[in-house]
Amino acid sequence: MNEELPVVLSDAFFMREAMSLARAAECLGEVPVGAVVVLNGAIVGRGFNSPIGESDPTAHAEIAALRDAARVLGNYRLPGCELFVTLEPCAMCAGAIMHARISRVIYGARDAKTGVHGSVVDLFGVERLNHHATVEGGVLAEECSAMLSAFFAGRRKKTS
């Protein structure tokens, strides 16, 4: 009997997809952050940072990916979905993640200035909030961090 085994894609696979979107943001002059929403092993939402181009302070990668997934799935609630993002979410994005009922968040690099999974505060750990996602950081952290560092180093070089 020749049964095909299901392909199980790793967290690193989906983080690389998010990194590809981050590179697209960088090509447009945006801070290179990318995100994908995954349901049952399939990408259902994609997004990258675009607040400059869209003149929209809410145009973060996570928000764009959540909006895309909600359109694809026909529901603003995304239970059972996972969000992969190259940078630790900020407070705004954490709120959207909770409202969308994302079950799991996986991020790459920590964000010492605005990260809310322990870098500045831990919003995901506030017990009084009505929804809690499992959050894991550090997936391809060095690669995600290097992309951001190179972007900001290039910006500093242009202004000096």
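This is a predicted model: local features need pLDDT of at least 70, side-chain atom pairs count only at pLDDT 80 or more; totals for chains, interfaces and linings use all residues.

Reader: Why is His131 called buried?

Author: His131 has a relative accessibility of 15%. Buried means under 20%, so His131 counts as buried. Its place is in the loop between β4 (104–109) and β5 (134–137).

Reader: Which backbone oxygen does the side chain of His131 reach?

Author: The side chain of His131 reaches that of Ile102, at 2.8 Å. Leaving out residues up to four places away in sequence, His131 touches Ile97, Met98, Arg101 and Ile102.

Reader: What makes α3 roughly parallel to α4?

Author: The axes of α3 (residues 61–73) and α4 (residues 91–100) cross at roughly 20 degrees and come within 9 Å. Angles under 35 degrees count as roughly parallel, so α3 is roughly parallel to α4. On the α3 side the contact is made by Glu62, Ile63 and Leu66, and on the α4 side by Met92, Cys93, Ala96, Ile97 and Ala100. By class, 7 of these residues are nonpolar, none polar and 1 charged.

Reader: Why does Arg104 count as buried?

Author: Arg104, in strand β4, has a relative accessibility of 16%. The cut-off for buried is under 20%, so Arg104 counts as buried.

Reader: With which side chains does the side chain of Arg104 make a polar contact?

Author: One is the side chain of Asp11, at 2.5 Å. Another is the side chain of Glu82, at 2.6 Å. Not counting residues up to four places away in sequence, Arg104 also touches others, including Phe84 and Thr134.

Methods:
Residues are numbered from 1 along each chain as its sequence is written. Side-chain values use heavy atoms; hydrogens and water are left out. Helices (H or I, at least four residues) and strands (E, at least two) are DSSP runs, numbered from the N terminus. Buried means under 20% relative accessible area, exposed over 50%, partly exposed in between (1.4 Å probe, protein chains only). A polar contact is a pair of N or O atoms within 3.5 Å; within protein, one must be able to donate a hydrogen and the other to accept it, and residues adjacent in sequence count only if both atoms are side-chain atoms. Contact means heavy atoms within 4.5 Å. Axes are lines fitted to C-alpha atoms, for helices over the stretch in contact, and angles run from 0 to 180 degrees between N-to-C directions. Angles under 35 degrees count as roughly parallel, over 145 as roughly antiparallel, 65 to 115 as roughly perpendicular and the rest as oblique. Ala, Val, Leu, Ile, Met, Phe, Trp, Tyr, Cys and Pro count as nonpolar, Asp, Glu, Lys and Arg as charged, and the others, Gly among them, as polar.
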